[in-house]
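These are my notebook entries on a structure that I looked up. I record what I checked and what I found, entry by entry.

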Amino acid sequence: MKRFWTTVEVAREDGGWGIRLDERPVRTPARVPLKVPSEALAQAIAAEWRMMAEDVDPRAMPLTGVGNAAIDRVTPSKDVFAAGLARYAEADLACYRAEGPRALVEQQAASWDALLAWARRRYDVDFATTSGLLHVAQPPATVERLGHAVAALDAFQLAGLSPLVTIGGSLIAALAVLEKAITPEQAWAAVSIDERWQLEQWGADSEAQAALENRGRDFFAAASFLELLEA
C-alpha cells in the first residue's frame, strides 16, 4: 500500500479515541473504525501512521496491529480468545527446566523461580516443575484460578497480553508485566534465556540473532500497548 494521507489526527469519539487520516477514520482490516480506550495509546498509534514513508509497512506499526486484533479478533469471541491464552497455564515455560548444563539450570532457576514465587503469592496457587520436555500436569486449582484472571481482562488487555504469552511461552511472565510486578525488560530476559544461551555457546548466528531480535521487538511493542492503555 502507498501512503495516501497528509495529516494524522487523534479525536475523542463515542467509545474511545479514534485516529483520522485527512479527516477520515482509520479502519481495521474488518472495516471497523479503529478506536482505543486511552488518548495516550491513540497518540502512539497516530505516530506510527505519521512515520510511514511512501511505501506503508504494516510491520512498522505494531501498536496499530494489536489494536486491530483487539477489535477484529478478540471482541467478537472474547471468552474463546481468553480461554486459549489461559491454556498456557497448563505448560508454562517457567515450569520446564533444562537437565543441564549446570550454568543454564542455574540461570533458569534464578529467573523462573522468582516468577513462580510471585504467582504463588498473587493468585494463591502452586506449580509443578520438571526437568526435561515431558509434560507435567499442573494442579487443577492453579489452572482454574489463572484462567479466571485471564477471563476477567477486557478485549484490549487480552490483545496486548497475547503476544507476550505466545512469544515468551509464559502466561506467568505476561501477567507479571500486565500487573507491573516486573518490567518488560525483566520479563524478556526471563523468557529468552534458552535462546540467548544457545547464541552464547555456539557463537553468532545471524539468522537466529535476527529472529530473536524480531521476537523481542514484538514483545516490547505488546508491553508498550498494555502500558499505554493505562496512561
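**Entry 1: Val-150.** I listed what Val-150 touches, leaving aside its neighbours within four places in sequence, and found Ala-82, Leu-85, Ala-86, Leu-158 and Leu-171 in contact with Val-150; contact means heavy atoms within 4.5 Å. The model is a predicted one, in which local features need pLDDT of at least 70 and side-chain atom pairs count only at pLDDT 80 or more, whereas totals for chains, interfaces and linings use all residues. Residues are numbered from 1 along each chain as its sequence is written, and side-chain values use heavy atoms, with hydrogens and water left out.

I then placed Val-150 in helix H5; helices (H or I, at least four residues) and strands (E, at least two) are DSSP runs, numbered from the N terminus. Val-150 is buried, at a relative accessible area of 0%. Here buried means under 20% relative accessible area, exposed over 50% and partly exposed in between, with a 1.4 Å probe and protein chains only. I also noted that the C-alpha atoms of Val-150 and Ala-82 are 6.0 Å apart, although 68 residues separate the two along the chain.

**Entry 2: H3 against H5.** How do H3 and H5 pack? Their axes are 9 Å apart and form an angle of about 140 degrees, which makes H3 oblique to H5. Axes are lines fitted to C-alpha atoms, for helices over the stretch in contact, and angles run from 0 to 180 degrees between N-to-C directions. Angles under 35 degrees count as roughly parallel, over 145 as roughly antiparallel, 65 to 115 as roughly perpendicular and the rest as oblique. I recorded the residues that meet as Lys-78, Ala-82, Leu-85 and Ala-86 of H3 with Gly-147, Val-150 and Ala-151 of H5.

**Entry 3: H2 against H6.** Helix H2 (residues 62-74) packs on H6 at an angle of about 120 degrees, with the axes 8 Å apart. H2 and H6 are therefore oblique to each other. I noted that the H2 side of the contact consists of Val-66, Gly-67, Ala-69, Ala-70, Ile-71 and Val-74, and the H6 side of Ala-155, Phe-156, Leu-158, Ala-159 and Gly-160.

**Entry 4: H7.** How many residues of helix H7 (residues 171-178) are buried? I found eight of its eight residues buried, among them Leu-171, Ile-172 and Leu-178. Their cover includes helix H3 (78-86), helix H4 (102-123), helix H5 (140-151), helix H6 (155-168), H8 and H10. At the N-terminal end, Ser-170 caps H7, with a side-chain oxygen 3.5 Å from the backbone nitrogen of Ile-172. After H7 comes Lys-180, whose phi is positive, near 60 degrees.

**Entry 5: aromatic rings.** I looked up the aromatic pairs and found six in the structure. The ring centres of Phe-4 and Trp-5 lie 4.9 Å apart with the planes at 80 degrees, so this pair is edge-to-face. Rings of Phe, Tyr and Trp (its six-membered ring) pair if their centres lie within 6.5 Å; planes under 30 degrees apart count as stacked, over 60 as edge-to-face and the rest as tilted. Phe-4 is partly exposed at 46% relative accessible area, whereas Trp-5 is buried at 4%. For Trp-188 and Phe-219, the centres are 5.3 Å apart and the planes at 45 degrees, so the pair is tilted. Trp-188 lies in helix H8 (residues 184-191) and Phe-219 in helix H10 (residues 206-229), so the pair ties together parts 31 residues apart in sequence. Both Trp-188 and Phe-219 are buried.

Conventions. A polar contact is a pair of N or O atoms within 3.5 Å; within protein, one must be able to donate a hydrogen and the other to accept it, and residues adjacent in sequence count only if both atoms are side-chain atoms.
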